[in-house]
Amino acid sequence: MAPDAEWRVIIALARFAGRRTPSETMALRWEDIDWARNQMLVRSPKTEHHAGKELRIVPLFPEIRESLAEAFEPAQPGAAFVVEKYRRGCQNSRTHMLRMILRAGLEPWTRPFHNLRASCETDLANRFPTHVVSKWLGNSVQVAAAHDLQVTDEHFERAAGEKALLKALQQASETGGKPRKSENEKRQNPLEFQRLPILAAQCRERQYTSLGSNQQPSVP
């Protein structure tokens with residue numbers, strides 16, 4: 001979908017690092033990336049008027065590191081900014097993004113970069129404490145809960161799976177580790193009960209054979 005390495009970086013920074021686009025993405029410099037520590041500095045024009053909110057440090061997630069490494073190879077010597085080619089048209093980044101989505105045959109979102117950032121925040125919130133994620137993305141826990149965090153199909157699937165697992169473990173503990181069959185399961189497998197008369201008849205026949213054809217088994 002993306003035409004070149006710079007656009008892949010723009011998309012990756014929004015989706016996997018939750019950077020605000022275009023402001024924080026276009027402000028990223030090569031000197032802001034600490035390859036050895038797997039960290040990068042985020043300069044935030046949106047929150048710089050708040051004390052202590054002008055800068056933050058976020059992890060260099062594997063997806064980000066791969067995209068940055070790809071963009072670093074063709075970068076001109078002495079280039080200051082990670083995104084150089086599209087800096088002049090950065091205000092039209094949303095328009096360009098929508099065009100790429102349409103060319104890919106997909107339905108565009110109303111706010112593509114905000115949705116990418118929200119998806120990133122939701123993924124991270126599933127793995128890390130909310131206050132840590134809010135620190136990395138530069139917003140408050142309240143703002144994240146109200147505007148960014150999303151409920152996904154995976155949440156429902158995980159909840160249903162955990163409930164079924166807990167029920168199975170409870171039944172196993174009640175039956176000594178053996179799964180307990182429900183009445184429905186018994187009705188669905190009637191052969192177990194149909195065989196009982198046959199087995200009883202076979203047992204009586206073996207008893208008659210062992211005692212002789214003219215003798216009857218003693219009844220205790």
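1. Pro3 has a relative accessibility of 53% and therefore counts as exposed (over 50% relative accessible area; buried is under 20%, partly exposed in between, with a 1.4 Å probe and protein chains only). The model is predicted: local features need pLDDT of at least 70 and side-chain atom pairs pLDDT 80 or more, while totals for chains, interfaces and linings use all residues. Residues are numbered from 1 along each chain as its sequence is written, and side-chain values use heavy atoms, without hydrogens and water.

2. Pro3 sits in the segment before α1. Neighbours within four places in sequence aside, Pro3 is in contact (heavy atoms within 4.5 Å) with Arg8, Tyr86 and Met100. Met100 is 97 residues from Pro3 in sequence, yet the C-alpha atoms are 8.5 Å apart.

3. Helices α1 (residues 5-16) and α3 (residues 62-72) pack at about 160°, with axes 9 Å apart. Helices are DSSP runs of H or I with at least four residues, strands runs of E with at least two, numbered from the N terminus. Axes are fitted to C-alpha atoms over the stretch in contact, and angles run from 0 to 180 degrees between N-to-C directions. The two helices are therefore roughly antiparallel (over 145 degrees).

4. Residues of α1 in this contact include Arg8, Leu13 and Phe16, and those of α3 include Glu63, Ile64 and Leu68. By class, the contact has eight nonpolar, one polar and three charged residues (Asp, Glu, Lys and Arg count as charged; Ala, Val, Leu, Ile, Met, Phe, Trp, Tyr, Cys and Pro as nonpolar; the others, Gly among them, as polar).

5. Strand β2 (residues 39-43) pairs with β3 in the antiparallel sense over five bridges (pairing needs at least two DSSP bridges). Leu41 is opposite Ile57 of β3.

Key. Parallel < 35°, antiparallel > 145°, perpendicular 65-115°, else oblique.
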